[in-house]
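Hello,

Here is the structure I promised to pass on. Please open it first and keep it beside you while you read my notes below.

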Amino acid sequence: MLLVYFFYNPEDFDWFPKCPFYSLTGVYCPGCGSQRALHSLVHLEFGKTASYNFLFLPALGVVLYNFGITVYNELSGKQLTNYIYKPIFPKVVLIIVLLFWGLRNIPFSPFCYLAP
């Protein structure tokens, strides 16, 4: 799957799926720009990745953190605390995503920079 995003830019090809929420409402959802962000990420263009979807890199960090802690705990036999499984974590993520969703649709500076 990553090879598709490496060789094909979603901006240049119509066969990549479009965001149904944006197509229906004209409002950016929290995931809008993620395909283009992934294309930029596999080309190691971190600035472009953040410009397409500002939450993409932090979300990737959370995924890598979870993977790293899980692998470390399995291989070492230790049990480091994985903060992703704390009850407050999904609540904080929900608040961040909802704020991002709202702020990226405000057409004034500096919020307009959050739009893809």
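Phe6 is partly exposed, with 34% relative accessible area. Its neighbour in this predicted model, Phe7, reaches 57% relative accessibility and counts as exposed. What kind of pair do the rings of Phe6 and Phe7 form? Their centres are 5.0 Å apart and their planes stand at 85°, so the pair is edge-to-face; the angle has to be over 60 degrees for that label.

Tyr22 and Tyr28 make a stacked aromatic pair, with 4.9 Å from centre to centre and 5° between the planes. Tyr22 is partly exposed at 36% relative accessibility, and Tyr28 is also partly exposed, at 22%. The cut-off for buried is under 20%, so Tyr28 does not count as buried.

A pair of aromatic rings is described by two values, the distance of the centres and the angle of the planes. Counted by ring centres within 6.5 Å, there are 8 aromatic pairs. One aromatic cluster is formed by Tyr5, Tyr8, Phe13, Trp15 and Phe16.

Next, the backbone. Most residues other than glycine have a negative phi, and most peptide bonds are trans. Two places are worth looking up with that in mind.

- Leu44 is not a glycine, but its phi is positive, near 60°. Leu44 sits in the loop between helix 3 (34-42) and helix 4 (46-52). With 62% relative accessibility, Leu44 counts as exposed.
- The peptide bond from Ser109 to Pro110 is cis, and its omega is near 5°. Pro110 belongs to the segment after helix 6 (88-103).

Now the chain as a whole. How many helices and strands does the protein chain have? There are 6 helices and 0 strands, and along the sequence the pattern reads α-α-α-α-α-α. The C-alpha trace spans about 50 × 35 × 25 Å along its principal axes.

The protein chain has 116 residues, and 22% of them count as buried. Its accessible surface comes to about 8,200 Å², and carbon and sulfur atoms hold 72% of that. Among contacts with a separation of 6 or more, 42% are between residues 24 or more positions apart.

Regards

Conventions. Residues are numbered from 1 along each chain as its sequence is written. This is a predicted model: local features need pLDDT of at least 70, side-chain atom pairs count only at pLDDT 80 or more; totals for chains, interfaces and linings use all residues. Side-chain values use heavy atoms; hydrogens and water are left out. Rings of Phe, Tyr and Trp (its six-membered ring) pair if their centres lie within 6.5 Å; planes under 30 degrees apart count as stacked, over 60 as edge-to-face and the rest as tilted. Buried means under 20% relative accessible area, exposed over 50%, partly exposed in between (1.4 Å probe, protein chains only). Helices (H or I, at least four residues) and strands (E, at least two) are DSSP runs, numbered from the N terminus. Contact means heavy atoms within 4.5 Å. Accessible areas come from the Shrake-Rupley method with a 1.4 Å probe; for residues, only the protein chains shown count as cover.
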